[in-house]
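Subject: Structure for you to look at

Hello,

I am passing on the structure we spoke of. Please open it first; my notes on what was found follow below.

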Amino acid sequence: MKLFVSEGNPHCLKVLAALEVTGVHCDVQNVNHEERVVPFLSRPALPALLLSSGLHLFSPNAICRYLFEVSGQDCSELCNRWLEWEATDLQPALLQCLHMAVLQGKGSEVSKVLQGSLNYMEQSLSKGNTPYLTGDAVSVADVVLWAALYPVLSDSSLALGEHASVKAWFDRGAAMHSCQSAAQKVLQGKGLQGMKSFMQRQPALQSSPCRDTQPCNGNPAEDEESEHAVSVEEMEAAARTWSQGLSSSPLAADRQHPILPQEGKRNLLVTSALPYVNNVPHLGNIIGCVLSADAFSRYGRLRGWNMLYVCGTDEYGTATENKAREEGLTPQQICDKYHAIHSSIYKWFQIDFDFFGRTTTEKQTEIAQNIFWKVHKHGFLMEDTVEQLRCENCKRFLADRFVEGICPHCSYAEARGDQCDKCGRLINAVELREPQCKVCRQTPVVRSSKHLFLDLPKLEAQLEQWLDKSTSTGDWTANAKQITRSWLRDGLKPRCITRDLRWGTPVPHPDFKEKVFYVWFDAPIGYLSITANYTDQWEKWWKNPSQVELYNFMAKDNVPFHSVVFPCSLLGAQDNYTLVNHLIATEYLNYEDTKFSKSRGVGVFGDMAMDTGIPADVWRFYLLYVRPEGQDSAFSWADMALKNNSELLNNLGNFINRAGMFVTKFFEGSVPVMELQLEDKKLLAVVGWELQQYIQLMDKVKIRDALRHILNISRHGNQYIQVNEPWKKIKGGDTERQRAGTVTGVSVNVACLLSVMLLPYMPAVSRTIRDQLNAPQSCVNTMLQGTGTFVCCLSAGHRIGTVSPLFQKLEVDQIEALKKRFGGQQMTAQSAGSAQPAAAPSAPAAEVASVNGVDPEKAKQLTQAVTEQGEKVRALKAQKAEKAVVTAEVAKLLDLKKQLALAEGKSAAAAPQKGKKK
């Protein structure tokens, strides 16, 4: 990327400050004010950003937003509103101020022009009670507004005494080295006079009557739920659209398999991260990949896109071997058992895969080995001897996840063998201090082994070029961009792709025939092999980047392997593979105030949800309602009951049921004639606007945010019914009866629209609503076309079916029972309470126990307890919990480790004291 700026241009101050704050790598070139760097514009436009794709950005605020997004910091709705206010209200006032101060010498009058804007900012900052415009951290809005105001506010003649919050906010920005550096580059230490050359080229600005008041577009910080105001023109337009009725185009055909890319259509290939086969997925796993991808795929089909959604179980690796050992089965038997469990869970949750496969197939071996040989042929593999940790007690080399020790970089006590959760640094297991085998807690030894590596540094330039294009043209979530950039920031290192295991895809190279592919080279290739097991024409999807858009859904911990490692494998193969265009990563879903834990019985797992008596659609609704799109969120039984009872039962279900019952009760099951009045047209316009917002958000995979607009529509509908009271008007004269008919007819049509919008979220409920309304199939194909088309689907005379309630109330005692059932039996706490004191006993019996071993079963339980407590401590530290809370949990962890040492027949004093340097 290259950024063109000019000295003395206040707009360039914004982009240079954004560049400094984000740390994005970009060449900067100074040019004169008159240079035209954007070839298709007839006038100079600076600053301008030339992207690696050849495209130009020449709006200062757009450039700033882009730089923040590239660095992994998305712009929130509140942030967007501040940027819009700056461009439409603040900027014209500022340019007028600069013209007066720089060219007319009227600096003393500047404060009058800016008074209204500063009052507005003061009110917003003091009301929000946060250090920055959008919260506790610097956003692109802070950088843009600070840079815009800097030339004026840094001039001592403008006092900010009466704007204390603005002054404090401005001073925070001025204290940032990045902002100071940008100001120096643009103004060269000359203050306002540094802009004279630029200002002389600008036309004089007229003052606007709106500038001295609050912004014309309203307060950015006001409640997002306020009703959208519509004009009379919008109402009339909505009425015209409504009157068009259903499309006469042919109905969409049922899916015909195999689904293949089609000319002239938008072809979307959707994958969700392959779940590990060796465990039962919990709610966080389900929302993080398969449910999110399913909602988007269902939506895409409603939009008329050509969709293929594939997934499957990831079945190779150490974890599967261990699970097989625990259950006394072979790895293949474990895979067969848990693949069936996964399939049944996803079927119950109504996950509508086009194909759900697995990685233990001949196609997996064939395609993985083919990619390997092509990467090898093109020189992107290297050999090296690796020192690995081997557990002599377990008689095997230890995979990264089965080693734990002290981080060599930050001394975190429980770093894994591949990465430290505290400092985020990648590490080799042999670098750990005081390493332990997580299976038996013995100290492993170092042994040498020859391995193959993917030469990521050789592929880095290709990867960077592809990433620039993909992240700028596709929909990558902020965390996906941020995690990817963090991997690239310090330069890529060669990554091992082989392992000393037996259960995996065999390495075909004769010098490495005893090894298998490392799971993170092998597992993503499962997307290809699963598609190949679905259709022998799989290459039409996976070797067709010009026709196919690839969406990857996952939780954030999977990002680097989908954005760096796997794309490098495919780039290295040089075989025209389809690479990811849209990488959609969620944050984590927690359970109440802790983490899901199968061993402790904490949290709801997929197989358990089926036994709660709560319908699958309600689970889907709530998980999508709390989907962790921008930050971690939590499943809460109390909140689930609240959302079910308020949003589903009292809002959505109440409206749809009332609309249908009015048709049945007052109009003998036939939709009445509708004669629209202004109030009806207003509802149509408001509902149409909500539909447009829903489509815009779903197109961008903002699934959680889009759901709000469905619920808004039913709220508007309930209010519309309540105000018009059709149950009273039906008893009046002809005019009132006609009014009751119109309100009923419009309402039942809004219910029909809701059934379509709900389909990605609650497919069974959507089907039930359409069955109750006897809605024509064409309504499904019509409503979501283009930017949204709210038409009259159920015209006068249409006969509806039998109407019945859609949802049931979740009672307090029911929820309390479920919360207790899934809150964990606290087996580890009970163990801690009934165990021997932590101090090592001095009695001879203890010595005997040390020789003979105390309790293998208890040791096994305590090993799991140590692991779980360690995870809890890591989570608290990552969340920057209060020191006292962390200290208490660390004490519990150390106590559990002492108990474990005793249970294993060791002295409690021998338990490793992690986290303390000797």
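Strand E3, residues 48-50, pairs with E4 in the antiparallel sense over two bridges. Across that pairing, leucine 50 stands opposite histidine 56 in E4. Please keep in mind that this is a predicted model.

E3 and E4 belong to an open sheet of four strands, in the order E2-E1-E3-E4, and the pairing in the sheet is mixed. The edges are taken by E2 (27-30) and E4 (56-57); each has a single partner strand, so one side of each is left without a neighbour in the sheet. Helix H1, residues 10-22, lies across E1 (2-5) and E2. Relative to E1, H1 runs at about 145 degrees.

Next, a pair of helices. Two packed helices are described by the angle between their axes and the distance between the axes. For H5 (residues 140-153) and H6 (residues 164-174), the axes come within 10 Å and cross at roughly 95 degrees. Angles of 65 to 115 degrees count as roughly perpendicular, so H5 is roughly perpendicular to H6. On the H5 side the contact is made by Asp142, Leu145, Trp146, Leu149, Tyr150 and Leu153. These meet Trp169, Phe170, Gly173 and Ala174 in H6. By class, the residues of this contact divide into eight nonpolar, one polar and one charged.

I also looked at two single residues.

Is histidine 582 buried or exposed? Its relative accessible area is 6%, and because buried means under 20%, histidine 582 counts as buried. The residue is found in strand E18, which covers residues 582-586. The side chain of histidine 582 makes a polar contact with the side chain of glutamate 549, at 2.8 Å. Leaving aside neighbours within four places in sequence, histidine 582 is in contact with Arg266, with Gly474, Asp475 and Trp476, and with Glu549, Leu550, Tyr551 and Asn552.

Asparagine 285 lies in helix H10, residues 283-302. With a relative accessible area of 32%, asparagine 285 is partly exposed. With neighbours within four places in sequence again left aside, asparagine 285 is in contact with Val280 and Val290. Which residue lies 304 residues from asparagine 285 along the chain, with the C-alpha atoms separated by 8.3 Å? That residue is leucine 589.

Regards

Key: Residues numbered from 1 in each chain as written. Predicted model: local features only at pLDDT ≥ 70, side-chain atom pairs only at ≥ 80, totals over all residues. Heavy atoms only, no water. Pairing = 2+ DSSP bridges. Contact = heavy atoms within 4.5 Å. Axes fitted to C-alpha atoms, helices over the stretch in contact; angles between N-to-C directions. Buried < 20%, exposed > 50% of the residue type's maximum accessible area, 1.4 Å probe, protein only. Polar contact = N/O pair within 3.5 Å; in protein donor to acceptor, adjacent residues only side chain to side chain. Parallel < 35°, antiparallel > 145°, perpendicular 65-115°, else oblique. Nonpolar A, V, L, I, M, F, W, Y, C, P; charged D, E, K, R; others polar.
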